[in-house]
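Here are a few notes to go with your copy. Have it open while you read, and start with the helix in the first point.

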Amino acid sequence: MKKLLGIALAIAALLVLLYGIEDLPPWGVSDQPASLHVSPRYIEKSLAETGVPNMVTAVLADYRGCDTLFETAVIFTAGIAVLMLLRRAMP
Amino acid sequence: MIQHQEDIIIQTVCRILIPFMQVYGLYVLAHGHGSPGGGFQGGCIFAASFILMPIAFDLAAFKKRFAEKRIILLCSLGVFIYAGIGWLCLLLGGNFLDYGELSAILPVDPVMARYYGIAIIETGVQITVMAVMVSIFINLITGGRHKEETQENYD
Amino acid sequence: MILPLDLILLGFALIAAVTATWVKDLLSAVVLLGAFSFFMCLIWTEMGAVDVAFTEAAVGAGVSTTFFVAAVYNTTRRTKD
């Protein structure tokens, strides 16, 4: 019974997502709203401004450096949390 | 805890494979500027090479080599490198994490200073990710007794 | 993007995910989750997001599978339900 309820919920979520896909722009279209705001600047100027050929690295580590800093802090926090949960103190 | 078993196939394969995995992890870090990769993925590959060691060989020797204090210091060292570069840029007169200001202390122009700044912070990310993954694995496989038997081995 | 290849890979990922919830053996479920991660990695590679695919292959299929195996090793291998 519980399993059938789970399957029904999963199928309902799948239908909602399939309905939402209809409004997304097609794959690889360059004039969608998400690609018009800051993407042209990254594409045109990231090599001249940072000297890094890989655009993804330039955006991740330079333009969005604060984001990556706190991503690293999140991983550090995860490690400390696992230590807190699992570590047995010395007898 | 993993029982120590003498399995010649696994030991030989790991002995040959681990150096290549470590070199590949460092390659992913160093070549993250020109191809997909970077500190996070390189750190994971590096940690996977270290995780192979207690699977194939002795867990006690691995725990002695990666003592708890050392691992936790490495965890925080990576974040410290990253945030330290940010504060260094702040002290040199720029914004937080504005690597162009590093050209005052590095013998390069601002554009290449950004290049090397990215390389330094990726190294910090790699150190943190590697240490955290190894720490989580040791704590999972020993049930949190990372420190105890290491201490016994020292005695 | 090649639509038939995409659909085939999505089908494999779906089969791996559904089977991971159905099997009784937890170690099999862990391996099936690793297979699911690998199929997601293939889908992302095929759609052009190489960085995401690399991260998925390193974290999802590599390290997290090892963590799950370690957790299963220290607890039980059979589920109740």
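1. Take α2(C) to begin with: C:V30, C:L32, C:L33, C:G34, C:F36, C:S37, C:F38, C:F39, C:M40 and C:C41 are buried along it (20 or more other C-beta atoms within 10 Å of a residue's own, with C-beta atoms placed from the backbone). Helices here are DSSP runs of H or I, at least four residues, numbered from the N terminus. The cover over those buried residues includes α1 (3-22) and α3 of chain C.

2. A word on conventions: this is a predicted model, with local features needing pLDDT of at least 70 and side-chain atom pairs counting only at pLDDT 80 or more, while totals for chains, interfaces and linings use all residues. Residues are numbered from 1 along each chain as its sequence is written, and chains are lettered from A and ligands numbered from 1 in the order in which they are written.

3. Back on α2(C), its 22 residues reach 31 Å from first C-alpha to last, close to the 32 Å expected at 1.5 Å a residue (1.5 Å times one less than the number of residues). C:G48 follows the helix, with a positive phi near 100°.

4. Which residues have the most contacts inside the largest nonpolar core? They are B:C44, B:A47, B:V129, B:M133, B:V134 and B:F137, in a core of 62 residues (buried Ala, Val, Leu, Ile, Met, Phe, Trp, Tyr and Cys joined through C-beta atoms within 7 Å). α5(B) gives the most to this core, 17 residues.

5. Look at B:V129 too: leaving aside neighbours within four places in sequence, B:V129 is in contact with A:I75, B:G39, B:F40, B:G43, B:C44 and B:A47 (C-beta atoms, placed from the backbone, within 7 Å).

Methods
Buried ≥ 20, exposed ≤ 12 C-beta atoms within 10 Å, placed from the backbone. Helix = DSSP H or I, 4+ residues; strand = E, 2+ residues; numbered from the N terminus. Contact = placed C-beta atoms within 7 Å.
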